[in-house]
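This briefing sets out selected features of the structure shown below, grouped by topic.

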Amino acid sequence: MLRFWSLRIALAAVLLLVVGPLLAFLGLVPGLTGMYLFASGALVGLVAMVAGIITAVRGGVKPGLAALALGLLALGVVLTPAFAGGGKPPINDISTDLQDVPAFTHAQTLPENAGRDLRYPEDFKPVVQHFYPDLKSLKLAEPPEAVFERAVAQAKGRPGWTVTRVDPQESTLEGVVESRLFRFRDDFVVRVRPEPGGGARVDMRSKSRVGRGDLGANAARIHDFLQALAGAGR
């Protein structure tokens with residue numbers, strides 16, 4: 001019946017919320033495609049809300065209200081993460097050291113990064129200083145060698161993290177982090193250097209491969225890793 005057309009639209013919106021992430025998780029589509037399908041659920045949900053109101057006004061109260069509720073649900077599911085990351089700058093490459101940014105060496109050789117410029121954008125530096133003023137190098141009283149070993153062990157033990165290169169000579173490690181839902185892959189590098197007067201200084205850089213903005217994910221990753229590293233040394 002025509003009165004159920006709004007409900008069908010609403011169900012299509014909910015289906016997009018499930019299908020997009022599922023296809024990306026299974027590796028059947030790229031993560032960005034899965035995200036677009038997921039995000040389109042909000043647009044279809046908005047259409048379902050309007051259709052639900054029209055259906056309810058025309059006498060189909062129950063299917064109309066059901067379509068309105070499902071459409072609102074789809075809209076909320078998509079927009080909630082966006083609002084949670086609200087206020088974050090549209091950048092996707094974060095570093096604790098902006099004067100001597102840790103360089104990606106092995107990451108540049110990966111096929112997925114072929115043709116990509118992995119140099120740190122100069123215009124990102126003032127943005128990081130403004131939006132993430134608390135993101136600083138980690139300074140520890142332990143010998144650099146001990147800190148580096150612990151950093152490698154911690155990175156290898158994290159779910160979704162793959163260490164791709166360990167260089168004891170330079171005290172750097174590189175790796176890739178894969179997100180759980182859309183399987184986005186981000187590159188990271190951790191560098192340990194001796195501090196003048198003793199101790200060690202740890203810097204970290206994390207960069208998303210997809211998208212201009214990261215909703216604060218890279219800064220959160222760095223903060224979490226360094227905080228855990230500091231706690232493990234106590």
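Axes are lines fitted to C-alpha atoms, for helices over the stretch in contact, and angles run from 0 to 180 degrees between N-to-C directions. Helices (H or I, at least four residues) and strands (E, at least two) are DSSP runs numbered from the N terminus. The model is predicted: local features need pLDDT of at least 70, side-chain atom pairs count only at pLDDT 80 or more, and totals for chains, interfaces and linings use all residues. Residues are numbered from 1 along each chain as its sequence is written, and side-chain values use heavy atoms, with hydrogens and water left out.

**Helix pair**
- The axes of H1 (residues 5–25) and H2 (residues 31–57) come within 7 Å and cross at roughly 165°.
- H1 and H2 are therefore roughly antiparallel (angles over 145 degrees).
- The contact of H1 with H2 involves 16 nonpolar, nine polar and no charged residues (nonpolar: Ala, Val, Leu, Ile, Met, Phe, Trp, Tyr, Cys and Pro; charged: Asp, Glu, Lys and Arg; polar: the others, Gly among them).

**Lining of the largest pocket**
- H2, H3 (61–84) and H6 (217–232) each supply at least two lining residues.
- H2 gives the largest share, five residues.
- By class, the lining comprises 17 nonpolar, seven polar and five charged residues.

**Trp 161**
- Trp 161 lies in strand E3 (residues 161–167).
- Trp 161 counts as buried because its relative accessibility is 11% (buried means under 20% relative accessible area, with a 1.4 Å probe and protein chains only).
- Between Trp 161 and Arg 183, the separation is 22 residues in sequence and 12 Å in space, C-alpha to C-alpha.

How values were computed. Parallel < 35°, antiparallel > 145°, perpendicular 65-115°, else oblique. Buried < 20%, exposed > 50% of the residue type's maximum accessible area, 1.4 Å probe, protein only.
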